[in-house]
Amino acid sequence: MGRGAGDLSKAVKKACSIEETAPKRKHVRACIVYTWDTHSSKEFFHILKNSTLFNDPVQLFKMLTLIHKVIQEGHPSALIEGIRNRSWIKSLARMSDGENMRMHGDGDGYDRLIRKYVEFLVQKLNFHAHHRGFRNGTFEYKEYISLISINDLDQGYETILQLMALQDQVDEFSNFVFASINRGANNDLKISSLVPLISESYGIYKFITSMVRAINTQLDDDGVLDLLKEKVEQQHLRLFEFYADCSSIKLLSSLVTIPKLPRDPPNLTAQLDVVPQT
Amino acid sequence: MSNQFVRSMKNVVKGYSSTQVLVRNATANEGTGPNIDLLADIAEKTYDSADFFEIMDMLDKRLNDKGKYWKHIAKSLTVLDYLVRFGSENCVLWCKENLYLIKTLTEFRYEDENSGGVDQGQIIRVKAKELTALLMDDERLREERRLNNR
(Lines give C-alpha, C1' and ligand atoms only; values in the text may rest on other atoms or scores of the structure.)
Protein backbone atom coordinates (compact mmCIF):
# COMPACT_ATOMS: atom_id res chain seq x y z
CA MET A 1 0.00 0.00 0.00
CA GLY A 2 1.41 3.37 -0.97
CA ARG A 3 1.63 6.28 1.40
CA GLY A 4 1.61 9.41 -0.75
CA ALA A 5 -1.06 12.08 -1.29
CA GLY A 6 -2.42 10.43 -4.42
CA ASP A 7 -2.83 7.23 -2.47
CA LEU A 8 -4.75 9.11 0.19
CA SER A 9 -7.48 10.16 -2.22
CA LYS A 10 -7.60 6.60 -3.53
CA ALA A 11 -7.93 5.28 0.01
CA VAL A 12 -10.72 7.76 0.78
CA LYS A 13 -12.57 6.74 -2.35
CA LYS A 14 -12.24 3.06 -1.58
CA ALA A 15 -13.19 3.47 2.08
CA CYS A 16 -16.39 5.23 0.96
CA SER A 17 -17.35 2.94 -1.89
CA ILE A 18 -20.96 2.74 -2.98
CA GLU A 19 -21.55 -0.85 -1.83
CA GLU A 20 -23.50 -1.29 1.35
CA THR A 21 -20.69 -3.01 3.25
CA ALA A 22 -18.49 -2.09 6.17
CA PRO A 23 -15.72 0.30 5.06
CA LYS A 24 -12.59 -1.77 4.56
CA ARG A 25 -10.22 -1.38 7.46
CA LYS A 26 -7.27 -1.40 5.09
CA HIS A 27 -8.37 1.87 3.50
CA VAL A 28 -9.46 3.47 6.75
CA ARG A 29 -6.07 2.60 8.21
CA ALA A 30 -4.32 4.14 5.19
CA CYS A 31 -6.10 7.44 5.93
CA ILE A 32 -5.18 7.30 9.61
CA VAL A 33 -1.54 6.42 8.92
CA TYR A 34 -1.33 9.26 6.40
CA THR A 35 -2.26 11.84 9.03
CA TRP A 36 0.52 10.54 11.28
CA ASP A 37 3.09 10.32 8.51
CA THR A 38 2.52 13.91 7.46
CA HIS A 39 1.47 15.34 10.85
CA SER A 40 -1.42 17.03 9.13
CA SER A 41 -5.04 16.33 8.29
CA LYS A 42 -5.69 19.25 5.98
CA GLU A 43 -5.30 17.07 2.91
CA PHE A 44 -7.72 14.48 4.29
CA PHE A 45 -10.52 17.01 4.83
CA HIS A 46 -9.69 18.75 1.58
CA ILE A 47 -10.24 15.52 -0.34
CA LEU A 48 -13.51 14.83 1.46
CA LYS A 49 -14.86 18.29 0.76
CA ASN A 50 -14.03 18.10 -2.91
CA SER A 51 -15.50 14.69 -3.38
CA THR A 52 -18.96 13.72 -4.53
CA LEU A 53 -19.35 11.21 -1.76
CA PHE A 54 -22.38 12.95 -0.27
CA ASN A 55 -24.71 12.30 -3.15
CA ASP A 56 -25.48 8.80 -2.00
CA PRO A 57 -26.77 7.92 1.47
CA VAL A 58 -24.60 4.83 1.81
CA GLN A 59 -21.47 6.71 0.80
CA LEU A 60 -22.31 9.64 3.05
CA PHE A 61 -22.84 7.33 6.01
CA LYS A 62 -19.52 5.63 5.28
CA MET A 63 -17.83 8.99 5.10
CA LEU A 64 -19.12 9.89 8.55
CA THR A 65 -17.74 6.66 10.03
CA LEU A 66 -14.45 7.40 8.28
CA ILE A 67 -14.31 10.93 9.73
CA HIS A 68 -15.10 9.56 13.18
CA LYS A 69 -12.35 6.94 12.90
CA VAL A 70 -9.73 9.39 11.68
CA ILE A 71 -10.57 11.86 14.44
CA GLN A 72 -10.28 9.06 16.98
CA GLU A 73 -7.15 7.32 15.83
CA GLY A 74 -5.43 9.86 13.64
CA HIS A 75 -2.79 12.45 14.52
CA PRO A 76 -4.06 15.13 16.97
CA SER A 77 -4.27 17.48 13.99
CA ALA A 78 -7.31 15.50 12.83
CA LEU A 79 -9.20 16.65 15.88
CA ILE A 80 -8.17 20.26 15.28
CA GLU A 81 -9.16 20.10 11.61
CA GLY A 82 -12.41 18.46 12.63
CA ILE A 83 -13.17 21.32 14.99
CA ARG A 84 -12.38 23.78 12.19
CA ASN A 85 -14.72 21.97 9.83
CA ARG A 86 -17.68 21.72 12.18
CA SER A 87 -20.02 23.78 10.06
CA TRP A 88 -19.22 21.74 7.00
CA ILE A 89 -19.96 18.53 8.89
CA LYS A 90 -23.18 20.10 10.12
CA SER A 91 -24.16 20.89 6.56
CA LEU A 92 -23.90 17.21 5.69
CA ALA A 93 -27.08 16.52 7.65
CA ARG A 94 -28.99 18.70 5.19
CA MET A 95 -27.64 16.66 2.32
CA SER A 96 -29.65 13.72 3.55
CA ASP A 97 -32.92 15.62 3.38
CA GLY A 98 -33.93 14.00 0.18
CA GLU A 99 -33.83 16.36 -2.75
CA ASN A 100 -30.12 16.13 -3.38
CA MET A 101 -30.05 12.54 -2.49
CA ARG A 102 -30.19 9.71 -4.90
CA MET A 103 -32.54 7.24 -3.28
CA HIS A 104 -32.32 3.60 -3.95
CA GLY A 105 -34.36 0.68 -2.70
CA ASP A 106 -32.57 -0.39 0.46
CA GLY A 107 -30.64 2.82 0.91
CA ASP A 108 -33.33 4.70 2.75
CA GLY A 109 -33.38 4.47 6.48
CA TYR A 110 -29.90 5.91 6.29
CA ASP A 111 -31.15 9.49 6.26
CA ARG A 112 -32.16 9.29 9.92
CA LEU A 113 -28.90 7.61 10.87
CA ILE A 114 -26.95 10.26 8.99
CA ARG A 115 -28.71 13.11 10.78
CA LYS A 116 -28.11 11.46 14.14
CA TYR A 117 -24.47 10.76 13.36
CA VAL A 118 -23.88 14.35 12.31
CA GLU A 119 -25.53 15.59 15.49
CA PHE A 120 -23.27 13.37 17.56
CA LEU A 121 -20.07 14.33 15.72
CA VAL A 122 -20.84 18.03 15.99
CA GLN A 123 -21.50 17.74 19.71
CA LYS A 124 -18.29 15.78 20.15
CA LEU A 125 -16.30 18.41 18.26
CA ASN A 126 -17.94 21.20 20.23
CA PHE A 127 -16.92 19.44 23.40
CA HIS A 128 -13.31 19.15 22.25
CA ALA A 129 -13.31 22.78 21.14
CA HIS A 130 -14.22 23.89 24.67
CA HIS A 131 -12.05 21.42 26.52
CA ARG A 132 -8.66 21.52 24.94
CA GLY A 133 -7.34 19.32 27.73
CA PHE A 134 -8.80 16.32 25.94
CA ARG A 135 -6.34 16.26 23.10
CA ASN A 136 -7.23 12.75 22.18
CA GLY A 137 -10.14 11.67 20.01
CA THR A 138 -10.74 8.47 21.95
CA PHE A 139 -10.71 9.95 25.46
CA GLU A 140 -7.75 7.91 26.54
CA TYR A 141 -7.46 8.20 30.23
CA LYS A 142 -5.01 10.72 31.55
CA GLU A 143 -4.46 11.41 35.18
CA TYR A 144 -3.89 15.12 34.91
CA ILE A 145 -7.33 15.91 33.61
CA SER A 146 -8.93 14.77 36.83
CA LEU A 147 -6.34 16.76 38.76
CA ILE A 148 -7.20 19.91 36.85
CA SER A 149 -10.85 19.50 37.65
CA ILE A 150 -10.39 19.07 41.37
CA ASN A 151 -8.41 22.25 41.47
CA ASP A 152 -11.34 24.07 39.95
CA LEU A 153 -14.49 22.39 41.17
CA ASP A 154 -16.94 24.54 39.24
CA GLN A 155 -15.21 23.83 36.00
CA GLY A 156 -14.89 20.16 36.88
CA TYR A 157 -18.60 19.92 37.56
CA GLU A 158 -19.34 21.59 34.25
CA THR A 159 -17.00 19.26 32.37
CA ILE A 160 -18.64 16.20 33.90
CA LEU A 161 -22.09 17.41 32.89
CA GLN A 162 -20.91 17.94 29.34
CA LEU A 163 -19.26 14.54 29.22
CA MET A 164 -22.53 13.06 30.38
CA ALA A 165 -24.45 14.87 27.67
CA LEU A 166 -22.04 13.43 25.14
CA GLN A 167 -22.53 9.96 26.58
CA ASP A 168 -26.29 10.43 26.20
CA GLN A 169 -25.70 11.28 22.58
CA VAL A 170 -23.67 8.10 22.03
CA ASP A 171 -26.43 6.14 23.70
CA GLU A 172 -29.13 7.71 21.54
CA PHE A 173 -27.23 7.17 18.33
CA SER A 174 -26.46 3.54 19.10
CA ASN A 175 -30.15 2.94 19.83
CA PHE A 176 -30.95 4.34 16.41
CA VAL A 177 -28.44 1.97 14.87
CA PHE A 178 -29.85 -1.04 16.68
CA ALA A 179 -33.37 -0.06 15.70
CA SER A 180 -32.39 0.21 12.05
CA ILE A 181 -30.86 -3.25 11.90
CA ASN A 182 -33.30 -5.45 10.08
CA ARG A 183 -33.56 -9.14 9.83
CA GLY A 184 -32.08 -10.78 6.79
CA ALA A 185 -30.69 -7.64 5.20
CA ASN A 186 -27.04 -6.77 5.01
CA ASN A 187 -26.29 -4.92 8.21
CA ASP A 188 -22.50 -4.88 8.14
CA LEU A 189 -22.28 -1.17 7.42
CA LYS A 190 -24.64 -0.16 10.21
CA ILE A 191 -22.91 -2.49 12.65
CA SER A 192 -19.49 -1.17 11.72
CA SER A 193 -20.51 2.27 12.91
CA LEU A 194 -20.83 0.82 16.42
CA VAL A 195 -17.10 0.02 16.56
CA PRO A 196 -15.88 3.56 17.25
CA LEU A 197 -18.79 4.10 19.62
CA ILE A 198 -17.67 1.25 21.86
CA SER A 199 -14.23 2.71 22.51
CA GLU A 200 -15.59 6.24 22.71
CA SER A 201 -18.25 5.40 25.29
CA TYR A 202 -15.80 3.42 27.40
CA GLY A 203 -13.32 6.28 27.40
CA ILE A 204 -16.02 8.73 28.44
CA TYR A 205 -17.23 6.32 31.11
CA LYS A 206 -13.76 6.04 32.63
CA PHE A 207 -13.35 9.80 32.65
CA ILE A 208 -16.70 10.40 34.27
CA THR A 209 -16.23 7.83 37.03
CA SER A 210 -12.72 8.93 37.91
CA MET A 211 -13.61 12.61 37.82
CA VAL A 212 -16.68 12.18 39.98
CA ARG A 213 -14.55 10.16 42.38
CA ALA A 214 -11.85 12.81 42.45
CA ILE A 215 -14.37 15.54 43.17
CA ASN A 216 -16.02 13.37 45.76
CA THR A 217 -12.83 13.12 47.80
CA GLN A 218 -12.51 16.90 47.73
CA LEU A 219 -16.01 17.67 48.85
CA ASP A 220 -17.16 16.55 52.28
CA ASP A 221 -20.73 17.51 51.73
CA ASP A 222 -22.37 14.50 50.17
CA GLY A 223 -25.64 16.11 49.11
CA VAL A 224 -24.09 18.26 46.42
CA LEU A 225 -23.12 15.37 44.26
CA ASP A 226 -26.28 13.31 44.59
CA LEU A 227 -27.54 14.40 41.20
CA LEU A 228 -24.29 13.46 39.52
CA LYS A 229 -24.21 10.08 41.23
CA GLU A 230 -27.73 9.28 40.18
CA LYS A 231 -26.88 10.12 36.60
CA VAL A 232 -23.74 7.99 36.76
CA GLU A 233 -25.84 5.03 37.84
CA GLN A 234 -28.34 5.53 35.03
CA GLN A 235 -25.62 5.79 32.43
CA HIS A 236 -23.83 2.79 33.86
CA LEU A 237 -26.92 0.65 33.38
CA ARG A 238 -27.48 1.81 29.83
CA LEU A 239 -23.83 1.28 28.95
CA PHE A 240 -23.99 -2.20 30.48
CA GLU A 241 -26.90 -3.01 28.19
CA PHE A 242 -25.22 -1.45 25.18
CA TYR A 243 -22.15 -3.66 25.64
CA ALA A 244 -24.34 -6.71 26.22
CA ASP A 245 -26.15 -6.01 22.93
CA CYS A 246 -22.83 -5.53 21.14
CA SER A 247 -21.45 -8.79 22.54
CA SER A 248 -24.27 -10.68 20.89
CA ILE A 249 -23.16 -9.51 17.44
CA LYS A 250 -20.45 -11.84 16.28
CA LEU A 251 -18.89 -9.41 13.84
CA LEU A 252 -18.29 -6.96 16.68
CA SER A 253 -17.14 -9.31 19.41
CA SER A 254 -14.53 -10.93 17.18
CA LEU A 255 -13.20 -7.59 15.97
CA VAL A 256 -12.86 -5.54 19.13
CA THR A 257 -12.69 -6.30 22.81
CA ILE A 258 -15.96 -5.20 24.25
CA PRO A 259 -15.42 -3.95 27.79
CA LYS A 260 -17.17 -5.95 30.44
CA LEU A 261 -18.71 -3.71 33.04
CA PRO A 262 -19.73 -5.09 36.41
CA ARG A 263 -23.47 -5.35 36.80
CA ASP A 264 -23.46 -2.93 39.72
CA PRO A 265 -22.66 0.72 39.20
CA PRO A 266 -19.17 1.78 40.33
CA ASN A 267 -18.53 2.79 43.90
CA LEU A 268 -17.97 6.50 43.70
CA THR A 269 -16.81 7.05 47.24
CA ALA A 270 -13.77 4.80 46.95
CA GLN A 271 -10.55 6.67 47.55
CA LEU A 272 -8.42 4.51 45.33
CA ASP A 273 -8.93 4.58 41.64
CA VAL A 274 -10.10 1.15 40.57
CA VAL A 275 -11.00 1.77 36.98
CA PRO A 276 -11.89 -1.57 35.38
CA GLN A 277 -9.34 -2.86 32.92
CA THR A 278 -10.08 -3.52 29.28
CA MET B 1 11.07 -24.55 -1.50
CA SER B 2 10.45 -22.47 -4.59
CA ASN B 3 9.31 -19.58 -2.44
CA GLN B 4 12.64 -19.54 -0.70
CA PHE B 5 14.40 -19.68 -4.04
CA VAL B 6 12.39 -16.76 -5.42
CA ARG B 7 13.09 -14.77 -2.31
CA SER B 8 16.82 -15.36 -2.50
CA MET B 9 16.71 -14.24 -6.14
CA LYS B 10 14.83 -11.10 -5.17
CA ASN B 11 17.36 -10.41 -2.44
CA VAL B 12 20.09 -10.39 -5.07
CA VAL B 13 18.18 -8.53 -7.79
CA LYS B 14 16.93 -5.77 -5.50
CA GLY B 15 20.32 -5.50 -3.87
CA TYR B 16 19.28 -5.92 -0.26
CA SER B 17 22.00 -5.81 2.35
CA SER B 18 22.73 -8.83 4.52
CA THR B 19 20.89 -7.18 7.41
CA GLN B 20 17.79 -6.61 5.30
CA VAL B 21 17.95 -10.19 4.09
CA LEU B 22 17.88 -11.35 7.70
CA VAL B 23 14.72 -9.34 8.35
CA ARG B 24 13.13 -10.53 5.14
CA ASN B 25 13.80 -14.12 6.11
CA ALA B 26 12.41 -13.59 9.58
CA THR B 27 9.18 -12.14 8.21
CA ALA B 28 8.72 -14.34 5.17
CA ASN B 29 5.35 -15.55 3.95
CA GLU B 30 5.73 -19.09 5.27
CA GLY B 31 4.10 -21.17 7.93
CA THR B 32 6.59 -21.17 10.75
CA GLY B 33 7.36 -18.24 12.98
CA PRO B 34 10.84 -16.73 12.98
CA ASN B 35 13.25 -18.84 14.99
CA ILE B 36 14.92 -17.57 18.09
CA ASP B 37 18.47 -17.49 16.72
CA LEU B 38 17.37 -15.30 13.86
CA LEU B 39 15.58 -12.96 16.28
CA ALA B 40 18.64 -12.77 18.50
CA ASP B 41 20.81 -11.99 15.45
CA ILE B 42 18.56 -9.13 14.45
CA ALA B 43 18.39 -7.80 17.99
CA GLU B 44 22.18 -7.84 18.13
CA LYS B 45 22.37 -5.78 14.93
CA THR B 46 20.08 -3.04 16.24
CA TYR B 47 23.02 -1.74 18.27
CA ASP B 48 24.68 -0.67 15.04
CA SER B 49 22.99 2.51 13.87
CA ALA B 50 23.31 1.85 10.13
CA ASP B 51 21.89 -1.64 10.52
CA PHE B 52 19.20 -0.31 12.81
CA PHE B 53 17.68 1.92 10.14
CA GLU B 54 17.78 -0.85 7.56
CA ILE B 55 15.96 -3.18 9.94
CA MET B 56 13.30 -0.66 10.83
CA ASP B 57 12.74 0.39 7.21
CA MET B 58 12.14 -3.19 6.24
CA LEU B 59 9.80 -3.81 9.17
CA ASP B 60 7.91 -0.64 8.30
CA LYS B 61 7.40 -1.97 4.78
CA ARG B 62 6.26 -5.34 6.06
CA LEU B 63 3.86 -3.86 8.61
CA ASN B 64 2.07 -1.94 5.88
CA ASP B 65 1.78 -4.86 3.52
CA LYS B 66 -1.45 -5.98 1.92
CA GLY B 67 -3.93 -8.15 3.78
CA LYS B 68 -3.04 -11.08 1.56
CA TYR B 69 0.38 -11.09 3.19
CA TRP B 70 -0.98 -11.14 6.71
CA LYS B 71 1.90 -13.40 7.68
CA HIS B 72 4.32 -10.56 6.94
CA ILE B 73 2.43 -8.39 9.35
CA ALA B 74 2.06 -11.02 12.05
CA LYS B 75 5.74 -11.91 11.91
CA SER B 76 6.85 -8.27 11.84
CA LEU B 77 4.92 -7.78 15.05
CA THR B 78 6.70 -10.81 16.52
CA VAL B 79 10.08 -9.36 15.52
CA LEU B 80 9.19 -5.90 16.88
CA ASP B 81 8.02 -7.41 20.13
CA TYR B 82 11.36 -9.19 20.47
CA LEU B 83 13.36 -6.09 19.56
CA VAL B 84 11.52 -3.98 22.09
CA ARG B 85 12.48 -6.46 24.80
CA PHE B 86 15.97 -7.48 23.67
CA GLY B 87 17.15 -4.94 21.10
CA SER B 88 18.77 -1.55 21.54
CA GLU B 89 17.04 1.34 23.24
CA ASN B 90 16.53 2.86 19.80
CA CYS B 91 14.00 0.13 19.00
CA VAL B 92 11.84 1.29 21.87
CA LEU B 93 12.12 4.90 20.75
CA TRP B 94 11.26 3.99 17.17
CA CYS B 95 8.23 1.99 18.23
CA LYS B 96 6.96 4.79 20.42
CA GLU B 97 7.47 7.31 17.66
CA ASN B 98 5.59 5.06 15.24
CA LEU B 99 3.09 3.63 17.68
CA TYR B 100 0.24 4.48 15.32
CA LEU B 101 1.52 1.91 12.83
CA ILE B 102 1.09 -0.80 15.43
CA LYS B 103 -1.99 0.56 17.12
CA THR B 104 -3.97 0.83 13.91
CA LEU B 105 -3.43 -2.89 13.36
CA THR B 106 -5.60 -3.76 16.37
CA GLU B 107 -8.61 -3.78 14.05
CA PHE B 108 -6.90 -5.64 11.22
CA ARG B 109 -9.12 -8.08 9.29
CA TYR B 110 -8.40 -10.47 6.53
CA GLU B 111 -10.57 -13.24 5.20
CA ASP B 112 -9.05 -15.79 2.95
CA GLU B 113 -10.94 -17.54 0.18
CA ASN B 114 -8.70 -20.54 0.65
CA SER B 115 -9.42 -20.88 4.32
CA GLY B 116 -13.15 -20.72 3.73
CA GLY B 117 -13.85 -17.27 5.13
CA VAL B 118 -11.84 -17.81 8.30
CA ASP B 119 -10.63 -14.55 9.74
CA GLN B 120 -6.84 -14.58 9.73
CA GLY B 121 -6.73 -11.24 11.47
CA GLN B 122 -7.23 -12.54 14.99
CA ILE B 123 -3.54 -13.29 15.56
CA ILE B 124 -2.54 -9.84 14.34
CA ARG B 125 -5.17 -8.10 16.45
CA VAL B 126 -3.95 -9.87 19.58
CA LYS B 127 -0.28 -9.25 18.86
CA ALA B 128 -0.88 -5.58 18.06
CA LYS B 129 -2.92 -5.11 21.20
CA GLU B 130 -0.27 -6.73 23.41
CA LEU B 131 2.59 -4.80 21.88
CA THR B 132 0.69 -1.52 22.22
CA ALA B 133 -0.04 -2.27 25.87
CA LEU B 134 3.63 -3.03 26.51
CA LEU B 135 4.80 0.17 24.81
CA MET B 136 2.39 2.32 26.77
CA ASP B 137 3.48 0.83 30.10
CA ASP B 138 6.89 2.39 30.70
CA GLU B 139 7.42 0.74 34.03
CA ARG B 140 6.75 -2.79 32.79
CA LEU B 141 8.88 -2.19 29.73
CA ARG B 142 11.82 -0.93 31.78
CA GLU B 143 11.56 -3.89 34.12
CA GLU B 144 11.41 -6.38 31.23
CA ARG B 145 14.43 -4.83 29.57
CA ARG B 146 16.36 -4.78 32.82
CA LEU B 147 15.76 -8.50 33.34
CA ASN B 148 16.58 -9.35 29.74
CA ASN B 149 19.83 -7.46 29.62
CA ARG B 150 21.45 -9.16 32.55
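Biologist: Which residue lies over the face of A:Tyr110, and at what distance from the ring centre?
Modeller: This is a predicted model. A charge counts as over a ring if NZ of Lys or CZ of Arg is within 6 Å of the ring centre and within 35 degrees of the ring normal. Over the face of A:Tyr110 lies A:Lys190, at 5.2 Å from the ring centre.

Biologist: Which residues do ring pairs link into a cluster with A:Tyr110?
Modeller: Rings pair if their centres lie within 6.5 Å. Such pairs join A:Tyr110 to a cluster.

Biologist: How many aromatic pairs does a search of the whole structure find?
Modeller: The search runs over all chains. The number of aromatic pairs is 12.

Biologist: Are the rings of A:Phe242 and A:Tyr243 stacked, edge-to-face or tilted, and why?
Modeller: A pair of aromatic rings is described by the distance of the centres and the angle of the planes. Here the centres are 5.6 Å apart and the planes are at 35°. Planes under 30 degrees apart count as stacked and over 60 as edge-to-face.

Biologist: Are A:Phe242 and A:Tyr243 buried or exposed?
Modeller: The cut-off for buried is under 20% relative accessible area. A:Phe242 and A:Tyr243 are both buried.

Biologist: What area do chain A and chain B bury between them?
Modeller: In the contact, 17 residues of chain A meet 16 residues of chain B. Of the buried area, 45% is on carbon and sulfur atoms. The area is about 1,500 Å².

Biologist: Which residue of chain B forms a salt bridge with A:Arg25?
Modeller: The rule finds two salt bridges across the interface of chain A and chain B. In the one formed by A:Arg25, the closest N and O atoms are 3.4 Å apart. The partner is B:Glu107.

Biologist: Which helix gives the largest share of the side of chain A that touches chain B?
Modeller: Helix 2 (25–38), helix 4 (57–73) and helix 13 (250–255) of chain A each supply at least two residues of that side. The largest share is six residues. These come from helix 2 of chain A.

Biologist: Is B:Arg145 buried or exposed, and why?
Modeller: B:Arg145 sits in helix 9 (residues 138–148) of chain B. Its relative accessible area is 9%. Buried means under 20%, so B:Arg145 is buried.

Biologist: With which side chain does the side chain of B:Arg145 make a polar contact?
Modeller: Leaving aside neighbours within four places in sequence, B:Arg145 is in contact with residues including B:Leu83, B:Phe86 and B:Val92. The polar contact is at 3.5 Å. The partner is B:Glu89.

Definitions and conventions
Residues are numbered from 1 along each chain as its sequence is written. Chains are lettered from A and ligands numbered from 1 in the order in which they are written. This is a predicted model: local features need pLDDT of at least 70, side-chain atom pairs count only at pLDDT 80 or more; totals for chains, interfaces and linings use all residues. Side-chain values use heavy atoms; hydrogens and water are left out. Rings of Phe, Tyr and Trp (its six-membered ring) pair if their centres lie within 6.5 Å; planes under 30 degrees apart count as stacked, over 60 as edge-to-face and the rest as tilted. Buried means under 20% relative accessible area, exposed over 50%, partly exposed in between (1.4 Å probe, protein chains only). Contact means heavy atoms within 4.5 Å. Buried area is the accessible area (1.4 Å probe) that two parts lose on being put together, summed over both. A salt bridge is a side-chain nitrogen of Lys or Arg within 4 Å of a carboxyl oxygen of Asp or Glu. Helices (H or I, at least four residues) and strands (E, at least two) are DSSP runs, numbered from the N terminus. A polar contact is a pair of N or O atoms within 3.5 Å; within protein, one must be able to donate a hydrogen and the other to accept it, and residues adjacent in sequence count only if both atoms are side-chain atoms.
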